[in-house]
Amino acid sequence: MSGLHAMAAWIQKETSARRPGLDQTGVVMRTASVLLLLLPGKNGPELLFEVRSGKLGWQPGDICFPGGRRESSDRNYAAAAVREASEELGVPYKDIQLCGTLDFFAAHNGFMVYPFVGIWDPETVSETPDAVYRQWDYNRDEVAELFSVPLSWFLQHEPRIGTAHIQVTRKDDFPFES
């Protein structure tokens, strides 16, 4: 066996049980899980949004989905998304049913975002499912307000798309010989 083939066999053996991960020194500086939470609505399912508290140091006032960092106690990124939603919204963990995952994406700000879809599925739903989140005791340190949009609205309206130019610049320590 040639040296190249021997090396290939060794690499294959050493990496066969390995699961690739993210190189934390690269573009991804932080990871976050988010949950696109569907709720019962008067005219069908609705998608829940949060307005971030103005007290927060990172993106205060932004409209977002519940979510945050994965903690060591979280089994995986999906569990982190459900835990964060439960903590932020003030609803029991057991009332959130995870349905699936969407494509992960690396955002321009160094975040790798892991989005999941779930439904709020309490054992008993109030008689008026419209705006059920208004009865939640959500975390006001993180969330300024909650609102929902019927899924039918998204199907009836063409999305507005904008383009941003992201520019990469070298820092002073970049090894560049002139």
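**Exercise 1.** What kind of contact do the side chains of Glu 84 and Arg 83 meet in?

*Solution.* Before we start, keep in mind that this is a predicted model.
- Step 1: Look at the two side chains. Glu 84 and Arg 83 meet in a salt bridge, with 3.3 Å from N to O.
- Step 2: Check the cut-off. This contact counts because a salt bridge needs a side-chain nitrogen of Lys or Arg within 4 Å of a carboxyl oxygen of Asp or Glu.
- Step 3: Ask how covered the pair is. Glu 84 is buried, and Arg 83 is too.
- Step 4: Look for another partner. Arg 83 also forms a salt bridge with Asp 74, where the closest N and O atoms are 2.8 Å apart. Both Arg 83 and Asp 74 are buried.
- Step 5: A network of salt bridges links Glu 71, Asp 74, Arg 83, Glu 84 and Glu 87.

**Exercise 2.** Find the salt-bridge partner of Lys 55, and work out which parts of the chain the pair ties together.

*Solution.* 
- Step 1: Start with the total. The structure holds seven salt bridges.
- Step 2: Lys 55 pairs with Asp 141, and their closest N and O atoms are 3.3 Å apart.
- Step 3: Lys 55 sits in the loop between strand 2 and strand 3, while Asp 141 is in the loop between strand 7 and strand 8 (143-150), so the pair ties together parts that lie 86 residues apart in sequence.
- Step 4: Check the cover. Lys 55 has a relative accessible area of 62%, so it is exposed.

**Exercise 3.** Describe the chain as a whole, going from one end to the other.

*Solution.* 
- Step 1: Count the elements. The chain has three helices and eight strands.
- Step 2: Read them in order. The pattern along the sequence is α-β-β-β-β-α-β-β-β-β-α.
- Step 3: Of the 178 residues in the chain, 33% are buried.
- Step 4: Met 7, Trp 10 and Ile 11 make a nonpolar surface patch of about 340 Å², and Met 7 is found in helix 1 (residues 3-15).

**Exercise 4.** Which residues are closest to the centre of the largest pocket, and which strand gives the most to its lining?

*Solution.* 
- Step 1: Get the volume. The largest pocket has about 660 Å³.
- Step 2: Go to the centre. Among the 29 lining residues, Ala 32, Val 34, Arg 52, Trp 58 and Gln 59 are the closest to it.
- Step 3: Find the elements. Those that give two or more residues to the lining are strand 1 (30-39), strand 2 (46-52), strand 3 (63-64), strand 4 (67-68) and strand 7 (111-120). Strand 1 gives the most, with six residues.
- Step 4: Sort the lining by type. It divides into 15 nonpolar, seven polar and seven charged residues.
- Step 5: Take a second look at Gln 59. Gln 59 is in the loop between strand 2 and strand 3, and its phi is near 55 degrees, a positive value in a residue other than glycine. Gln 59 is partly exposed, with a relative accessible area of 36%.

**Exercise 5.** How far apart are the C-alpha atoms of Pro 45 and Ser 152?

*Solution.* 
- Step 1: Locate Pro 45. Pro 45 is in the loop between strand 1 and strand 2.
- Step 2: Compare chain and space. Pro 45 and Ser 152 are 107 residues apart along the chain, and 8.1 Å separates their C-alpha atoms.
- Step 3: Check the cover. With a relative accessible area of 46%, Pro 45 is partly exposed.

Terms used: Residues are numbered from 1 along each chain as its sequence is written. This is a predicted model: local features need pLDDT of at least 70, side-chain atom pairs count only at pLDDT 80 or more; totals for chains, interfaces and linings use all residues. Side-chain values use heavy atoms; hydrogens and water are left out. On a 1 Å grid over the protein atoms alone, a cavity is a set of points where a 1.4 Å probe fits but cannot get out, and a pocket is an open set with protein on both sides within 12 Å along at least five of seven lines; lining residues have an atom within 4 Å of a point. Grid points are joined across faces, edges and corners, and a volume is the space filled by probe spheres set on the points. Helices (H or I, at least four residues) and strands (E, at least two) are DSSP runs, numbered from the N terminus. Ala, Val, Leu, Ile, Met, Phe, Trp, Tyr, Cys and Pro count as nonpolar, Asp, Glu, Lys and Arg as charged, and the others, Gly among them, as polar. Patches are made of residues with over 30% relative accessible area and no salt bridge: like charges are joined within 9 Å, nonpolar side chains (Val, Leu, Ile, Met, Phe, Trp, Tyr) within 5 Å. Accessible areas come from the Shrake-Rupley method with a 1.4 Å probe; for residues, only the protein chains shown count as cover. Buried means under 20% relative accessible area, exposed over 50%, partly exposed in between (1.4 Å probe, protein chains only).
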